[in-house]
Amino acid sequence: MTERALRLGTRRSKLAMAQSGQVAETVSRLTGRSVELVEITTYGDTSREHLAQIGGTGVFVTALRDALLGGEVDFAVHSLKDLPTAQPDDLALAAVPLRADPRDVLIARDGMTFTELPSGARIGTGSPRRMAQLNAYARNHGLAIETVPIRGNIDTRIGFVHKGELDAVVLAAAGLHRVGRIDEVTDFLSVDTVLPAPGQGALAIECAASNVSLTAALAELDDPYTRAAVTAERSLLAALEAGCSAPVGALADLLADGQIVKEMRLRGVVGATDGSTLVQLSTTGPVPETHDQALALGRELAAEMLAKGAAGLMGERAL
């Protein structure tokens, strides 16, 4: 008797379907079982409010997790940056696969780069983190820009530029790669200009903690360096007591000497959305070998950032 297909829970957006489809193929090869996608609508998909207003944290995740716990699906794929930092006991983060490009990118009219945008250029983004850093960069370099809050899927956002409503939009490189639209990027924003969201570019594969055999099978997809990096980034976010809609950027990267990975550098930023104040710090240490070491790296940098005034820049503190 052939085993039944594994059911993979996914959001319905084109991006979610693309990244879930890629994971489904890999899991099918790995387990020898077919994988079917089960589309689930989340509150974040149906609400037209801005993410900062509907709470940001978990709005794309809760319905998928409910489906997992209710046995409707066997495992789920999330964009890691959407996951709340606290992991529920009854769900296992079975795998964090190798991360895609974590950078933010610009899609601007007339093929322009960020520094080529005209004075007063209107740049669309739904992210307070991006607004804070773009506005700070503009202030420091004598550029005049206006950041405009937008929502919607990739097509909608790029559409604002094509229709002439905005001069540019900022999106995540990884998402554009996954839906095959990376060719439309007019500028890759250096992480020195805009630090990405914690976990950006990485996926999270989650299943019920009680399903030990599936957890073990999915663990084959885990990339230990990616997991250490995103664990440190998310630990920073948690220690700042900020949700995924807060103006916090973080990136952990590996510093290699030739082929030998020597250290991990963690950079963090938090800023006022108008770019008037930015607290940006980094720390470098041995590559974390355990979950606890990765958590400690994030917590230590967060403590330094809080000491430099980061708390006052996050708007509403999550209670």
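I123 stands opposite A168 in β8. The model is predicted: local features need pLDDT of at least 70 and side-chain atom pairs count only at pLDDT 80 or more, while totals for chains, interfaces and linings use all residues. Residues are numbered from 1 along each chain as its sequence is written, and side-chain values use heavy atoms, with hydrogens and water left out.

**Exercise 1.** Determine which strands pair with β8, and in which sense.

*Solution.* Strands are DSSP runs (E, at least two residues) and helices likewise (H or I, at least four), numbered from the N terminus. Two strands pair if DSSP finds at least two bridges between them.
- Step 1: β5 (residues 104-108) pairs with β8 in the antiparallel sense over five bridges; D104 stands opposite A172.
- Step 2: β6 (residues 121-124) runs parallel to β8 and is joined to it by two bridges.

**Exercise 2.** Decide whether the residues of β8 are buried or exposed.

*Solution.* Buried means under 20% relative accessible area, exposed over 50%, and partly exposed in between (1.4 Å probe, protein chains only).
- Step 1: In a regular strand the side chains alternate between the two faces of the sheet.
- Step 2: A168, V170 and A172 point one way from β8, whereas V169 and L171 point the other way.
- Step 3: Five of the five residues of β8 (residues 168-172) are buried, so the strand is largely enclosed by the rest of the structure.

**Exercise 3.** Describe how α8 and α9 cross.

*Solution.* Axes are lines fitted to C-alpha atoms, for helices over the stretch in contact, with angles from 0 to 180 degrees between N-to-C directions.
- Step 1: The axes of α8 and α9 come within 7 Å and cross at roughly 40°.
- Step 2: Contact means heavy atoms within 4.5 Å; residues of α8 including A228, L236 and A239 meet residues of α9, among them H291, L301 and M305.
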